[in-house]
Amino acid sequence: MARRKISNSQIICMTLLWGILCYMLLAYSEKIDFQVIFTLVASGIIIFVPIYKNIKRRNE
């Protein structure tokens, strides 16, 4: 199965939406504990690993 390439505008939109998610999570949580930090790190990995792989494959 072939993977679709991610365009620059899609990368920007995904990054901005992730940033908004992080802001909302930090602004509206009562306290910042391990669960909040884990959620931020896990969501960052889910978002940025495919972006990194796509950019790396694009440059080859």
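I begin with Ser 29, which is partly exposed because its relative accessible area is 22%; buried means under 20% relative accessible area, exposed over 50%, and partly exposed in between, with a 1.4 Å probe and protein chains only. Ser 29 lies in the loop between H1 and H2. Leaving aside residues up to four places away in sequence, Ser 29 touches Met 24 and Val 36, where contact means heavy atoms within 4.5 Å.

A word on the source. This is a predicted model, in which local features need pLDDT of at least 70 and side-chain atom pairs count only at pLDDT 80 or more, while totals for chains, interfaces and linings use all residues. Residues are numbered from 1 along each chain as its sequence is written, and side-chain values use heavy atoms, with hydrogens and water left out.

The protein has 2 helices and 0 strands; these are DSSP runs numbered from the N terminus, helices being H or I with at least four residues and strands E with at least two. How do the two helices pack? Helix H1, residues 8–28, and helix H2, residues 34–59, pack at an angle of about 170°, and their axes are 11 Å apart. That makes H1 roughly antiparallel to H2, a label for angles over 145 degrees, on a scale from 0 to 180 degrees between N-to-C directions.

Which residues form this contact? On the H1 side they include Ile 11, Trp 18 and Leu 25, and on the H2 side Leu 40, Phe 48 and Ile 55 are among them. The residues of the contact divide into 13 nonpolar, 5 polar and 1 charged; Ala, Val, Leu, Ile, Met, Phe, Trp, Tyr, Cys and Pro count as nonpolar, Asp, Glu, Lys and Arg as charged, and the others, Gly among them, as polar.

Two further residues deserve mention. Asn 54 is placed in helix H2 and counts as buried, because its relative accessibility is 6%. Beyond residues up to four places away in sequence, Asn 54 touches Arg 4, Lys 5 and Ile 6. Ser 7, in the segment before H1, counts as partly exposed at 31% relative accessibility. The C-alpha atoms of Ser 7 and Ile 51 are separated by 9.8 Å, although these residues are 44 apart along the chain.

Finally, the overall form. The C-alpha atoms fill a box of roughly 45 × 20 × 20 Å, taken along the principal axes. Of the 60 residues, 15% count as buried.

Methods
Parallel < 35°, antiparallel > 145°, perpendicular 65-115°, else oblique.
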